[in-house]
Amino acid sequence: MALLTAFRRLSHASLVYSQRTAAAVKLTSGAWLTGQRRHFFHGDESKSLICLSVRSDNKVTVHFINRDGEKITVKGSPGDSLLDVVINEDLDIDGFGACEGTLACSTCHLIFDEDVYNNLGRVTDEEMDMLDLAYGLTDTSRLGCQICLTKSLDGIVAKVPESVADVRQSQDGSY
């Protein structure tokens, strides 16, 4: 609710939709600023992350290299995570984002070129814990649910590893 209160105080924005876990604000520029609270668990702690997206015509191009080598080019909104882009564009990447961005699996594991990786921001301890369980881990691996798009990332290439590990899955294959 603190996020919604802050939005209401902005003189150049008007609150259009509010709910306990989501908010949307129309800016005077005509763009939409949306926020969504995501909950994830790490050990015994429950944490939440608020992702803010600016919905406008100002899109960021992302190139995914799928497991079979196919290059898929899509556009996402600044502030969207790479997982959001995969879901919103209905990309056929088998098993990707099984935990829906709650940082409870490593199925959105992506590999980047070193120059791109260096511009992605800091890796949290929680993300590193999940990456440690990912197949095909490299020095430039990140989780797509933790990468928020910015205009500076326009044209990035994200490679999907050849195999995926879902740490939520038990040894017999059930959840």
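Strand S5 (residues 60-65) and strand S6 run antiparallel and are joined by six bridges. Helices (H or I, at least four residues) and strands (E, at least two residues) are DSSP runs, numbered from the N terminus. Two strands are said to pair if DSSP finds at least two bridges between them. Within this pair, valine 62 has valine 74 of S6 as its bridge partner. S5 and S6 form a hairpin with five residues between them, and glycine 69 in the turn has a positive phi of about 90°.

The model is predicted: local features need pLDDT of at least 70, side-chain atom pairs count only at pLDDT 80 or more, and totals for chains, interfaces and linings use all residues. Residues are numbered from 1 along each chain as its sequence is written, and side-chain values use heavy atoms, with hydrogens and water left out.

**Overall arrangement**

The protein has four helices and nine strands. From the N terminus on, these elements follow the order α-β-β-β-β-β-β-α-β-α-α-β-β. Of the 175 residues, 43% count as buried. A residue is buried under 20% relative accessible area, exposed over 50%, and partly exposed in between (1.4 Å probe, protein chains only).

**Strands with covered faces**

Strand S6 (residues 71-76) has a covered face made of Ile72, Val74 and Gly76, while Lys71, Thr73 and Lys75 make up an uncovered one. In S7, by contrast, both faces are covered. His109 and Ile111 on one side of S7 are buried, as are Leu110 and Phe112 on the other.

S7 takes part in two pairings. Three bridges join S7 to strand S8 (residues 141-143), and the two run antiparallel. S7 also pairs in the antiparallel sense with strand S9 (residues 156-159), over two bridges.

Tyrosine 135 lies in the loop between helix H4 (125-131) and S8. Tyrosine 135 and histidine 109 are 26 residues apart in sequence, and their C-alpha atoms are 8.5 Å apart in space. Tyrosine 135 counts as partly exposed because its relative accessibility is 48%.

**The salt bridge**

Side chains of opposite charge can pair when their charged atoms come close. A salt bridge is defined here as a side-chain nitrogen of Lys or Arg within 4 Å of a carboxyl oxygen of Asp or Glu. A search of the whole structure finds one salt bridge. Arginine 142 forms a salt bridge with glutamate 127, and the closest N and O atoms are 2.8 Å apart. The pair links distant parts of the chain, for arginine 142 is in strand S8 and glutamate 127 is in helix H4, 15 residues apart. Arginine 142 counts as buried because its relative accessible area is 1%. Glutamate 127 is likewise buried, with a relative accessible area of 1%. Arginine 142 is also 7.8 Å from valine 123, C-alpha to C-alpha, although 19 residues separate the two in sequence.

Most residues other than glycine have a negative phi, and most peptide bonds are trans. Glutamate 100 has a positive phi of about 60° although it is not a glycine. Phi of leucine 103, also a residue other than glycine, has a positive value near 60°. Both glutamate 100 and leucine 103 are placed in the loop between H2 and S7. Glutamate 89 lies in this loop as well, between helix H2 (82-88) and strand S7 (109-112).

| Residue | Relative accessible area | Class |
|---|---|---|
| Glutamate 89 | 39% | partly exposed |
| Glutamate 100 | 64% | exposed |
| Leucine 103 | 4% | buried |

**A negative surface patch**

Glutamate 89 is also one of the residues of a negative surface patch, together with Asp68, Glu70, Asp90, Asp92 and Asp94. Patches are made of residues with over 30% relative accessible area and no salt bridge; like charges are joined within 9 Å, and nonpolar side chains (Val, Leu, Ile, Met, Phe, Trp, Tyr) within 5 Å. Asp and Glu count as negative and Lys and Arg as positive, while His and the chain ends are not counted. The place of a charge is taken as CG of Asp, CD of Glu, NZ of Lys or CZ of Arg. Accessible areas come from the Shrake-Rupley method with a 1.4 Å probe, and for residues only the protein chains shown count as cover.
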